[in-house]
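The exercises below are to be worked with the sequence and coordinates at hand. Each task is followed by a solution in steps.

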Amino acid sequence: MIHNHDIECKTINNDKSEIILDYYLKKIPLLNVELDIGWSSLISNDLTSKILIKYSSRINIIHFKDLVLNKDNKIIFTAIGEGKIDLKDVCLLINELPNLDKYGLIIDQDKSNNDSFKELDTGFKNIKKFLKI
């Protein structure tokens, strides 16, 4: 199983049609995915949706993380659903994943500028609004 960061979501060819994650999954057909939607959403929410659709049968774990960019373009972690992730649309796609593990949801609340426990609680509540759990 591969866990992505932002680097695996960057393009590898001139026409920008393939990302590094595509390359890995093409070369290793039995490789499944723990999709970190925070890092993929940093590139774009559209990319996250494309990955969820294209590799739906190979995604076993969803790794929730959310972030914003400050005025200096520095990453600041925040409660899930309060940053770059289009949580409603992403959760609609996650609800349709055929091979999501029974325990395949991870909430990764990295250090933020706010109280981490409050951020974790907010993120969990935001996820529950849209996800069938």
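**Exercise 1.** Classify Lys65 as buried or exposed, and find which residues are linked with Lys65 in a network of salt bridges.

Solution. 
Step 1. Lys65 has 6% relative accessibility and therefore counts as buried; buried means under 20% relative accessible area, exposed over 50%, and partly exposed in between, with a 1.4 Å probe and protein chains only as cover.
Step 2. The model is predicted, with local features needing pLDDT of at least 70 and side-chain atom pairs counting only at pLDDT 80 or more, while totals for chains, interfaces and linings use all residues. Residues are numbered from 1 along each chain as its sequence is written, and side-chain values use heavy atoms, leaving out hydrogens and water.
Step 3. Search for salt bridges (a side-chain nitrogen of Lys or Arg within 4 Å of a carboxyl oxygen of Asp or Glu). Lys65 meets Asp110 at 3.2 Å, N to O. Lys65 lies in the loop between S3 and S4 and Asp110 in the loop between strand S6 (105-107) and helix H5 (116-130), so this pair ties together parts 45 residues apart in sequence. Helices (H or I, at least four residues) and strands (E, at least two) are DSSP runs numbered from the N terminus.
Step 4. Lys65 also forms a salt bridge with Asp36, with the closest N and O atoms 3.8 Å apart. Here Asp36 in strand S2 and Lys65 in the loop between S3 and S4 are 29 residues apart.
Step 5. The network of salt bridges links Asp36, Lys65, Asp108 and Asp110.

**Exercise 2.** State how many salt bridges the whole structure holds, and describe the one between Lys54 and Asp22.

Solution. 
Step 1. The search of the whole structure returns 7 salt bridges.
Step 2. In the pair Lys54 and Asp22, the closest N and O atoms are 3.3 Å apart. Lys54 belongs to helix H3 and Asp22 to helix H1, so the contact ties together parts 32 residues apart in sequence.
Step 3. Lys54 is exposed, at 54% relative accessible area, but Asp22 is buried, at 9%.

**Exercise 3.** Determine which residues of helix H3 are buried and what covers them.

Solution. 
Step 1. Within H3 (residues 45-54), the buried residues are Leu47, Thr48, Ser49, Ile51 and Leu52.
Step 2. Their cover includes H1, strand S2 (33-36), helix H2 (37-43), strand S3 (59-64) and helix H4 (87-94).
Step 3. Not counting residues up to four places away in sequence, Leu52 touches Leu35, Ile59, Ile62, Val90, Leu93, Ile94 and Leu97; contact means heavy atoms within 4.5 Å.
Step 4. The largest nonpolar core has 25 residues, and Ile51 and Leu52 are among those with the most contacts inside it. Such a core is a set of buried Ala, Val, Leu, Ile, Met, Phe, Trp, Tyr and Cys residues joined through side-chain atoms within 4.5 Å. H4 supplies the largest share of this core, 4 residues.

**Exercise 4.** Locate Asn73 and comment on its phi.

Solution. 
Step 1. Asn73 is in the loop between S4 and S5.
Step 2. S4 and S5 form a hairpin with 5 residues between them.
Step 3. Asn73 is not a glycine, yet has a positive phi of about 65 degrees. Most residues other than glycine have a negative phi.
Step 4. At 58% relative accessibility, Asn73 counts as exposed.

Technical notes:
Two strands pair if DSSP finds at least two bridges between them.
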